[in-house]
Amino acid sequence: MNQFAFPYAFLLILLPFIWRFLWPAAKGLHGDALKIPFIKDLEKISIKSGALWQMGASTEGYRLSKLFWWLFVIWVLLVIAVARPQWVGEPIRLKNESRDIMLVLDISTSMLAQDFTYGSRRIDRLSAVKKTASDFISKRANDRIGLILFGTRAYLQSPLTFDKKSVEEILWSMDAGMAGDSTSIGDALGLALKTLKDAPKGDNKVIILLTDGENNDGSLSMPQAVKLASEEGIKTYTIGVGSKNSFLGLFLGATPGVDEKGLKALAQATAGQYFRAEDTSTLQQIYNYIDKLEAAPQENRFIRETTELYYIPLLAAIILSFILALVVRRAK
């Protein structure tokens with residue numbers, strides 16, 4: 001699509017006509033005429049000499065002479081160049097503003113409890129978390145994702161990054177018990193808050209904390225963690241996983257239950273939400289729901305590729321001016 005950056009510049013096309021009627025005429029034997037200082041040179045031009053027009057004393061005032069229209073064409077080309085013709089491409093939507101999302105995942109040995117199913121086979125909690133969290137990461141195309149794994153200790157496995165593949169590789173390679181057998185929710189949350197706090201300032205920071213137990217280790221108690229999260233003001237979604245009546249989970253060493261009270265308090269203090277997942281389907285729905293809640297801001301901003309074309313009429317005007325000067329010079 002073509003357009004002009006300064007369309008009002010076309011009003012300048014009328015300037016020669018305005019000048020023609022407002023400029024005072026010269027008095028002489030042949031009546032009123034325009035003052036043209038190089039008229040004697042133009043009178044010498046003839047068709048025999050190869051001129052593009054013919055001038056003579058009989059053309060009083062040279063009002064409609066070919067010279068006038070030749071100069072007028074050059075003027076029009078200059079005006080078009082001033083109006084800045086442009087070629088504008090199709091609109092391209094700008095990428096939405098990204099979010100910083102920190103995934104905080106419990107990998108204590110209790111996550112080995114096989115009370116989840118995938119398809120027709122029974123799987124452990126950690127395998128279900130890997131599958132659903134990986135799907136969530138792949139959907140957040142414009143976001144930076146970080147990963148913290150915790151058990152007895154909390155470890156930053158991936159700082160905030162746009163490299164989703166690396167985060168997913170770390171996610172799939174983790175095993176239950178790598179960080180210890182107990183659960184330090186407070187320490188993991190504290191590490192997540194510190195990591196996000198050190199990131200560039202912005203309002204789009206989110207923590208998603210998943211665990212199947214209660215805070216039974218570490219230096220930060222659950223009330224202390226809730227207070228710290230509230231002070232930082234970073235929205236935190238908490239997810240408790242595991243069947244409430246899982247005899248198999250207890251047999252495999254799972255913790256007695258999720259600290260729902262503490263996780264709810266944490267979510268409430270940070271304007272987040274608490275979710276409970278007792279099966280793979282519910283866990284997937286939770287991640288999908290969070291994905292919708294934390295959709296990237298839609299500003300509907302567009303840009304268009306713009307190519308300047310002013311040089312074309314400008315070059316044409318220069319060439320015509322050169323030809324005019326050459327013709328006048330040869331006619332002397």
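Predicted model: local features only at pLDDT ≥ 70, side-chain atom pairs only at ≥ 80, totals over all residues.
The buried residues of α4 are Arg125, Leu126, Ala128, Val129, Lys130, Thr132, Ala133, Ser134, Phe136 and Ile137. An α-helix has 3.6 residues a turn, so residues three or four places apart point the same way. At the start of α4, the backbone nitrogen of leucine 126 has a side-chain oxygen of aspartate 124 within 3.1 Å.

Strand β3 (residues 100-106) is largely enclosed by the rest of the structure, because seven of its seven residues are buried. From β3, Asp100, Met102, Val104 and Asp106 point one way, while Ile101, Leu103 and Leu105 point the other way; all are buried. Two strands pair with β3. Strand β6 (residues 144-150) runs parallel to β3 and is joined to it by seven bridges. Within this pairing, leucine 103 has leucine 147 of β6 as its bridge partner. Strand β8 (residues 205-211) also pairs with β3 in the parallel sense, over six bridges. Here the bridge partner of methionine 102 is isoleucine 207 in β8.

Serine 182 is located in the loop between α5 (164-173) and α6 (185-198). Its relative accessible area is 17%, and serine 182 is therefore buried, the cut-off being under 20%.

On the surface, a nonpolar patch is formed by Leu12, Leu14, Leu15, Ile18, Leu22 and Val82, which together have about 560 Å² of accessible area. Helix α1 (residues 15-22) supplies the largest share of this patch, with three residues. Leucine 12, another member of the patch, lies in the loop between β1 (2-4) and α1. With a relative accessibility of 37%, leucine 12 counts as partly exposed, because this value falls between the 20% limit for buried residues and the 50% limit for exposed ones.

Note on methods:
Residues numbered from 1 in each chain as written. Heavy atoms only, no water. Patch = residues over 30% accessible without salt bridge, like charges linked within 9 Å, V, L, I, M, F, W, Y side chains within 5 Å. Areas by Shrake-Rupley, 256 points an atom, 1.4 Å probe, with all protein chains shown as cover. Salt bridge = Lys/Arg side-chain N within 4 Å of Asp/Glu carboxyl O. Helix = DSSP H or I, 4+ residues; strand = E, 2+ residues; numbered from the N terminus. Buried < 20%, exposed > 50% of the residue type's maximum accessible area, 1.4 Å probe, protein only. Pairing = 2+ DSSP bridges. Polar contact = N/O pair within 3.5 Å; in protein donor to acceptor, adjacent residues only side chain to side chain.
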